[in-house]
Each structure stands twice: as C-alpha cells, then as structure tokens.
Amino acid sequence: GGGGGELPELPGFSATLSPNPVESDLTITIDSSDEDYYSDKKFEVTIYNLYGKKYYKAEFYEKTININVSAFPKGLYVVHISNSNYTTTKSFIIND
C-alpha cells in the first residue's frame, strides 16, 4: 500500500469588483487559477448589507458578472461569491 490516491487540493479563486464605489452597474470579475476546472462551474453571488439583509442572489456560469445596483440604498455592501468548493467575500460602496 501507501499513499498516492488523494485528490489534489482544488485552488480557490479571487474576485475583483469595479467600479468601487459604484453608482449603478457593478462588475464582478472572477479570476481562478484552474481554467479547465472552473470553466463550466456555477458561481453563486449573494449581496448583503452590513445588517445581514439580503439584497441580491443569483447564479452565473461566466466569470464576468454584471449586476445593476442602482435600486439599492446607498451604503456599504458585502458580496459572497461561491462555488461548490470555495467562497470569497468582497465589499463595495454605493454612493449617491
């Protein structure tokens, strides 16, 4: 016997939000190191305010995600971007 049967650890991913602060259209760009693994995987995006109120939730299969936030009240928001293996958290500000 002996090792060798273990799956490699799957890489995480990073996400960039722009512009930040944002007025209407927020773009989330996901950067993952393993293109083949993530190319056909689903990303779930959830946006909360600082008090934990959920403002947005959707699923995406692409790595450039555009979300219109013009109806959200101004303030600071937290974005959770996750797939089945990994979650990253970002924040953004909505100005007048």
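**Entry 1**

I began at the backbone nitrogen of Lys53, which lies 2.9 Å from a polar atom of the side chain of Asn49. The model I am reading is a predicted one. I then located Asn49 itself, and found the residue in strand 3. Is Asn49 buried or exposed? I noted a relative accessible area of 14%, and because buried means under 20%, Asn49 counts as buried.

I next listed the contacts of Asn49, leaving out residues up to four places away in sequence: Tyr55, Leu76 and Tyr77. One of these, Tyr77, stands opposite Asn49 in strand 6.

Strand 3 and strand 4 form a hairpin with 4 residues between them. In its turn I recorded Gly52, which has a positive phi of about 85°.

I then went through the pairs of strands one by one.

- Strand 3 (residues 43-49) runs antiparallel to strand 4 and is joined to that strand by 6 bridges. I noted that Val45 has Ala58 as its bridge partner in strand 4, and that Ile47 has Tyr56 as its bridge partner there.
- Strand 3 and strand 6 also pair in the antiparallel sense, over 6 bridges.
- Strand 6 and strand 7 run antiparallel and are joined by 8 bridges. Here I found His80 opposite Thr89 in strand 7. A hairpin of 4 residues leads from strand 6 to strand 7.

Between strand 2 and strand 5 I recorded 5 bridges in the antiparallel sense. Within strand 5, Thr64 stands opposite Thr29.

**Entry 1. Asn68 in strand 5**

I placed Asn68 in strand 5 (residues 64-68). Its relative accessibility is 44%, and Asn68 therefore counts as partly exposed.

Which residues does Asn68 contact, leaving aside its neighbours within four places in sequence? I found Ser24 and Asp25. With Asp25 there is a polar contact of 3.3 Å between the side chains. I recorded a further polar contact, of 2.5 Å, between the side chains of Asn68 and Ser70. I also looked up the separation of Asn68 from Val22: the two are 46 residues apart in sequence, and their C-alpha atoms are 9.7 Å apart in space.

**Entry 2. The nonpolar core**

I then examined the largest nonpolar core, which has 21 residues. The residues with the most contacts inside this core are Ile28, Val45, Ile81 and Phe92. I asked which elements give two or more residues to the core. They are strand 1 (13-18), strand 2 (25-32), strand 3, strand 4, strand 5, strand 6 (75-82) and strand 7. As background, nonpolar side chains in soluble globular proteins tend to be buried together.

Not counting residues up to four places away in sequence, Val45 touches a set of residues including Ile28, Ala58, Phe60, Ile65, Ile67, Val79 and Ile81. Tyr56, Lys57 and His80 are also among its contacts.

**Entry 3. The salt bridge**

How many salt bridges does the structure hold? I found 1. The side chains of Lys42 and Glu59 meet in a salt bridge, at 3.7 Å from N to O. Lys42 lies in the loop between helix 1 (35-38) and strand 3, and Glu59 in strand 4, so the pair ties together parts that are 17 residues apart in sequence.

Lys42, at 38% relative accessibility, counts as partly exposed. Glu59 is partly exposed as well, with a relative accessible area of 43%.

Key: Residues numbered from 1 in each chain as written. Predicted model: local features only at pLDDT ≥ 70, side-chain atom pairs only at ≥ 80, totals over all residues. Heavy atoms only, no water. Pairing = 2+ DSSP bridges. Buried < 20%, exposed > 50% of the residue type's maximum accessible area, 1.4 Å probe, protein only. Polar contact = N/O pair within 3.5 Å; in protein donor to acceptor, adjacent residues only side chain to side chain. Contact = heavy atoms within 4.5 Å. Core = buried A, V, L, I, M, F, W, Y, C linked by side-chain atoms within 4.5 Å. Salt bridge = Lys/Arg side-chain N within 4 Å of Asp/Glu carboxyl O.
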